[in-house]
Amino acid sequence: MSEHRYLFSPLRIGPLTVRNRIVFSAHLTNYAQDGVPTDQHAAYYAARAAGGAGLIITEEHSTHPTDWPYEKLIHGFRPEAVPGYRRITEAVHAHDVPILAQLNHNGGQASSMYSRLPVWAPSAVPDPMFREVPKAIDAHEIAEVVAGYGTVAGHCAEGGFDGVELQCSHSSIVRGFLSPATNVRTDAYGGPLANRARILLEIIDVVREAIGPDRALGVRLCGDELIEGGTTIDEAVEVARMVEATGKVDYINTSIGVATSTLYMIEASMTIPPGYALFISNAIRRAVDLPVVGVGRIKDPLQAERALEEGHCDLVGVVRGQIADPDFAAKARSGHRSDIRTCLSCNQECVGRMGLNRWLGCIENPRTGREATPLPVPRLRKRVLVVGGGPAGLQAAATAAERGHHVTLFEREPATGGQVAVAATVPSRAEFLDVVRNLRAECERFGVDVKTNVTATAEMLRAEHPDVVVLATGARPQPVHWAGEAERVVDVRDVLEGRAVPEGDVLVVDELGFHQAASVAELLADRGCRVQITTPGMVVCQDLGVTLDMETFNIRAHAKGIEQRTDEVVMSAAAEPDGVVLQILKHTTGNTVEARFDWVVCAAHQAPEDQLWHELKGSAFAVHRVGDCITPRRAHAAVVEGHRLAVSL
């Protein structure tokens, strides 16, 4: 507790008292079905309540039929949502934690794809992501929007919520009215800030009337949209003062960015420093007396404590940290901070899955998104041998040991980590190593006997007389088909693991569309190489867009002089004494051009390391494979398979 003087102190928020300052802030989950909440919602939020969160705020609840930007949105304006609300609130209240519902209309940041209705917004300004011209709503439609907030607030009160939060940031019709970039009206709702804030104040009035004095009301404001002509911190502070002056609001939450144009700053990846958005809560807190929530990639209890101690905020929003570990707060409070499964900020299975219309998950927590599905009862205790200390092997070992099995893990390298440890050697990806640290800590906590510098053989494993062998032997680089005899055509792993040291003019060939090519390109540029990246696709490292890494990578790549080329296929390579000559097909023209480089580095598909699997076939014990030794994929597949297999034992 001495480390967390502020974090675990109670705080009064209007009619509520929270037992600590850790907020599980609103975020999308895609758990809704047919517009109503599900049992998965209840189990998901209950797990974070059981884990010690001080306050939970659910994802947004739509306030009007014109607002349907993504398929699995909760339609709060429908009375059918209320029974689901009750299941959520009852599940959370069982752990004595207050829970609020966030209300929202996404305005022009939406699509008519699902609603088949025009998108409503303050002005007919198209959003750069959805690229749909919205309808500028008139006075009676504004009144309809305002009334919709009151209707949903009433449904939330009926459903047992302890209050509501108004979403006026990220993606919101209210943010659209507040922002001079998207509000070009000339009536009473446009022009001066007082006019642009009029709809917010009207919504506050109707919502407070709907929920009464015994429930909390919060407002979430964007402190800086990070777009030309948009809201900046000075106007955000003025809006906060207006909100407080109503006397009807109990706290102010904060955010940064716009959920389309500058989304990469809302859910920042590991390349953005922790606490990057605290300047917003700091400025607002200095201007108002209401409690203020601070946010900004805060993934560790000490970071949260520091934000409070330095006066940046009164409460701290920890979302991805509690997605990764529902017991974040409980572990910190009990003095087991090192046991927290810290978030990687990789965005692969949380933010990335949302963008692909999938349910929310987590790359390192296979139970996230599956809390409502009970695990089978463990069977008889077994002797389990795991071969390979990458994410698949570590997860299989940790889960099996947690469920009561006697587990030994063999790793041929001096340390565990597998390819993750290699990937994390690039400075911009260093936090990715946390997945290994977290899993290794779980193995130690559950009693896994980890043996490094041991190369497991079929004879050795048979001599151990196990009940089960789990092979997590990973994958190996394989030469690209067009390389021929060119020795200076190497794999990204050859560079990262030190077997090749390219210099001079280097071409990085991106056939995987993810961090592999981007990471090695930056590393080589930092070493003084002149780097180009080429890809057969239309965008270099295209999946960086899914994880919100694209913008920051492009900024760094430009600063480092990395040239990007698209729509190119390398057809062949010919060795020269000091380089490689390539024949490159241009998709756009069908022409083949010749290009010379000192080195060529390939981010290409690997081959499964499955020799041991073939050698152990027909053994007296069960043999299973997980992760890349089945077929090479990304880290989330390794973690999921390791967990799934261990649960089945």
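F24 and Y45 are both buried, that is, under 20% relative accessible area, where exposed is over 50% and partly exposed lies in between (1.4 Å probe, protein chains only). The model is predicted: local features need pLDDT of at least 70 and side-chain atom pairs count only at pLDDT 80 or more, whereas totals for chains, interfaces and linings use all residues. Residues are numbered from 1 along each chain as its sequence is written, and side-chain values use heavy atoms, with hydrogens and water left out.

A search of the whole structure finds seven aromatic pairs; rings of Phe, Tyr and Trp (its six-membered ring) pair if their centres lie within 6.5 Å, and planes under 30 degrees apart count as stacked, over 60 as edge-to-face and the rest as tilted. F24 and Y44 form a tilted pair, with 5.7 Å centre to centre and 50° between the planes. Because F24 lies in strand 3 (residues 22-24) and Y44 in helix 1, this pair ties together parts that are 20 residues apart in sequence. Helices (H or I, at least four residues) and strands (E, at least two) are DSSP runs, numbered from the N terminus. Y44 counts as buried, at 0% relative accessibility. F24 and Y45 form an edge-to-face pair, at 6.4 Å centre to centre with 70° between the planes. This second pair also links distant parts of the chain, F24 in strand 3 and Y45 in helix 1, 21 residues apart. Ring pairs join F24, Y31, Y44 and Y45 into a cluster.

## R48 in helix 1

R48 is found in helix 1 (residues 39-50) and counts as buried, with 0% relative accessibility. Leaving aside neighbours within four places in sequence, R48 is in contact (heavy atoms within 4.5 Å) with residues including F24, Q322, N365 and E371.

## Salt bridges

The structure holds 39 salt bridges, each defined as a side-chain nitrogen of Lys or Arg within 4 Å of a carboxyl oxygen of Asp or Glu. K135 forms one with E141, the closest N and O atoms being 2.7 Å apart; K135 is partly exposed at 31% relative accessible area, whereas E141 is buried at 8%. R493 and E497 meet at 3.0 Å, N to O, with R493 buried at 15% and E497 partly exposed at 30%.

The side chains of R241 and E238 meet in a salt bridge at 2.4 Å, N to O. Being three residues apart in helix 7 (residues 233-245), R241 and E238 are separated by about one helical turn. R241 is partly exposed at 38%, and E238 is partly exposed at 35%. Elsewhere, R297, K299, E431, D434 and R437 are linked in a network of salt bridges.

## Charges over rings

A charge sits over a ring if NZ of Lys or CZ of Arg is within 6 Å of the ring centre and within 35 degrees of the ring normal. R353 lies over the face of W359, at 4.1 Å from the ring centre. The charged end of R198 sits over the ring of Y189, 5.9 Å from its centre.

## Helix 14

The twelve residues of helix 14 (residues 391-402) should span 16 Å at 1.5 Å a residue, and the end C-alpha atoms are 16 Å apart, which agrees; the expected span is 1.5 Å times one less than the number of residues. Eleven of the twelve residues are buried. Their cover includes strand 13 (383-387), strand 14 (406-410), helix 16 (434-445) and helix 22 (635-648). Just after helix 14, G404 takes a positive phi of about 105°.
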